[in-house]
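Here is a briefing on one protein chain. Look over the sequence and the model, then read the points below.

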Amino acid sequence: MKVVNLTPHEVKVFDDNDVVIKTYSSAGMARASQVDTPVDNVDGVLVVSTSYGEVTGLLEPTEGVVYIVSIITLNAAKAHGRTTKDLLVTSDPVYDDEGRVIGCRAFARVR
């Protein structure tokens with residue numbers, strides 16, 4: 001199975017011993033447009049309703065290929081009727097000593 005990373009950053013996958021077992025360089029960028037509509041104010045902070053438009057940069061499903069995308073891109077693609085069986089998002093994040101995400105331990109399929 002070929003894995004294509006369509007996020008703007010490198011994706012590192014770690015094993016249970018915190019060793020990097022796979023690294024996927026960015027091979028492009030799939031994105032969804034976002035529209036925020038003001039709907040409320042909570043404690044002086046604006047609350048918006050967010051909707052997502054068409055996805056750009058997402059390749060068509062191809063036999064034997066899966067694509068790493070953001071959860072926003074996956075949800076927007078799904079909302080616009082595209083199959084998501086070939087789309088993966090990162091799961092089980094791995095953090096550095098300062099609490100920054102540096103990778104993941106798994107991928108997830110969202111149905």
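Is Asp86 buried or exposed? Asp86 is buried, because its relative accessibility is 6% and buried means under 20% relative accessible area, exposed over 50% and partly exposed in between, with a 1.4 Å probe and protein chains only.

The model is predicted: local features need pLDDT of at least 70, side-chain atom pairs count only at pLDDT 80 or more, and totals for chains, interfaces and linings use all residues. Residues are numbered from 1 along each chain as its sequence is written, and side-chain values use heavy atoms, with hydrogens and water left out.

**Overall build**

- The chain holds 1 helix and 8 strands; these are DSSP runs numbered from the N terminus, with helices (H or I) of at least four residues and strands (E) of at least two.
- Their order along the sequence is β-β-β-β-β-β-α-β-β.
- The C-alpha trace spans about 45 × 40 × 25 Å along its principal axes.
- Of the 111 residues, 27% count as buried.
- The chain exposes about 7,200 Å², and carbon and sulfur atoms supply 50% of that area; accessible areas come from the Shrake-Rupley method with a 1.4 Å probe, and for residues only the protein chains shown count as cover.
- Among contacts between residues at least 6 apart in sequence, 36% join residues at least 24 apart; a contact means heavy atoms within 4.5 Å.

**Two loop residues**

- Asp86 sits in the loop between helix H1 (71–79) and strand S7 (87–95).
- Leaving aside neighbours within four places in sequence, Asp86 contacts Pro61, Val65, Val66 and Tyr67.
- Leu59 is in the loop between strand S5 (45–56) and strand S6 (65–68).
- Leu59 is partly exposed, at 44% relative accessibility.
- Not counting residues up to four places away in sequence, Leu59 touches Leu6, Tyr67 and Arg82.
- Leu59 and Ile21 are 38 residues apart in sequence and 26 Å apart in space, C-alpha to C-alpha.

- Strand S4 (residues 31–42) runs antiparallel to S5, and 10 bridges join them; strands pair if DSSP finds at least two bridges between them.
- Ala32 has Val55 in S5 as its bridge partner.
- The hairpin leaves 2 residues between S4 and S5, and Asp43 in the turn has a positive phi of about 55°.
- Val42 lies in strand S4 and is partly exposed, with a relative accessible area of 47%.

- S7 and S8 pair in the antiparallel sense over 6 bridges.
- Val89 stands opposite Ala108 in S8.
- The hairpin has 5 residues between its strands, and Gly99 in the turn has a positive phi of about 85°.

**Aromatic pair**

- The structure holds 1 aromatic pair.
- The rings of Tyr24 and Phe107 have centres 5.9 Å apart and planes at 55°, so the pair is tilted; rings of Phe, Tyr and Trp (its six-membered ring) pair if their centres lie within 6.5 Å, and planes under 30 degrees apart count as stacked, over 60 as edge-to-face and the rest as tilted.
- The pair links distant parts of the chain: Tyr24 is in strand S3 (residues 20–24) and Phe107 in strand S8 (residues 101–108), 83 residues apart.
- Tyr24 is buried, at a relative accessible area of 17%, whereas Phe107 is partly exposed at 28%.

- Most residues other than glycine have a negative phi.
- Asp18 is not a glycine, yet has a positive phi of about 65°.
- Asp18 is in the loop between strand S2 (11–14) and S3 and is partly exposed, with a relative accessible area of 48%.
- Asp92, also not a glycine, has a positive phi of about 55°.
- Asp92 lies in strand S7 and is partly exposed at 41% relative accessibility.
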